[in-house]
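Me: I am new to this structure and would like to learn how to read its features one at a time. Could you take me through them, giving the general idea before the case at hand?

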Amino acid sequence: MIGKLNHVAIVVPDLTAAAAQYGDTLGASVSDAVDLPGHGVTTVFVELPNTKIELLHPLGENSPIASFLDRNPAGGMHHICLEVDDITNARDRLVEEGARVLGSGEPRIGAHGKPVLFLHPKDFNGTLIELEEV
Ligand code: CO
């Protein structure tokens, strides 16, 4: 059921500084910053040979990651994103096993234009899991 690690998401206090750190210091290929008002975040994607790092910064007043940054002012790992080939099937199987899906429980379109959903961190060893259909 589970596929590749699509990305690791890190909430950062300073998106420009973080993008420069990955792009200039570490020499990675880094995207421009993209505002996603529907998700309340600004993102920068760092392309690595085998996966991506998604740098996240709060956007707007009701950003879902604002409280994370309050609790973790230096930033921190926010979630990992795993690929699945059929997100509805994966969701149904996980719910059957007792996992909780955040929000409405229905997949929504994520930062890459593909259906995603998030699983409760308490059901996954304290780690927020994003599933993305690819
Ligand atoms: Co993500």
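Reply: Let us begin with the largest pocket, which 24 residues line, with H39, P64, H78, R108 and F118 lying nearest its centre. A pocket here is an open set of points on a 1 Å grid over the protein atoms alone, where a 1.4 Å probe fits, with protein on both sides within 12 Å along at least five of seven lines, and lining residues have an atom within 4 Å of a point. The model is a predicted one, in which local features need pLDDT of at least 70 and side-chain atom pairs count only at pLDDT 80 or more, while totals for chains, interfaces and linings use all residues. Residues are numbered from 1 along each chain as its sequence is written, and side-chain values use heavy atoms, with hydrogens and water left out.

Me: Which strand gives the most to the lining of the largest pocket?

Reply: Strands are DSSP runs of E of at least two residues, and helices are runs of H or I of at least four, numbered from the N terminus. Strand 8 gives the most to this lining, with three residues.

Me: What is the volume of the largest pocket?

Reply: A volume is the space filled by probe spheres set on the grid points, which are joined across faces, edges and corners. For the largest pocket it is about 490 Å³, whereas the second largest pocket holds about 180 Å³. Helix 2 (66–71) gives the most to the lining of the second largest pocket, with three residues.

Me: Which protein donors does the cobalt ion have?

Reply: Donors are N, O and S atoms within 2.8 Å of the metal (3.2 Å for Na, K and Ca), and since water is not among the atoms, sites may look incomplete. Here the protein donors are H7 (NE2), E54 (OE), H79 (NE2) and E130 (OE), at 2.1 to 2.5 Å from the cobalt ion. H7 belongs to strand 1 (residues 2–11) and H79 to strand 6, so this pair ties together parts that lie 72 residues apart in sequence.

Me: Are H7 and H79 buried or exposed?

Reply: Buried means under 20% relative accessible area, exposed over 50%, and partly exposed in between (1.4 Å probe, protein chains only). H7 is buried, with a relative accessible area of 0%, and H79 also counts as buried, at 3%. By contrast, N125 is exposed at 78%; this residue sits in the loop between strand 8 and strand 9 and has a positive phi of about 55° although it is not a glycine.
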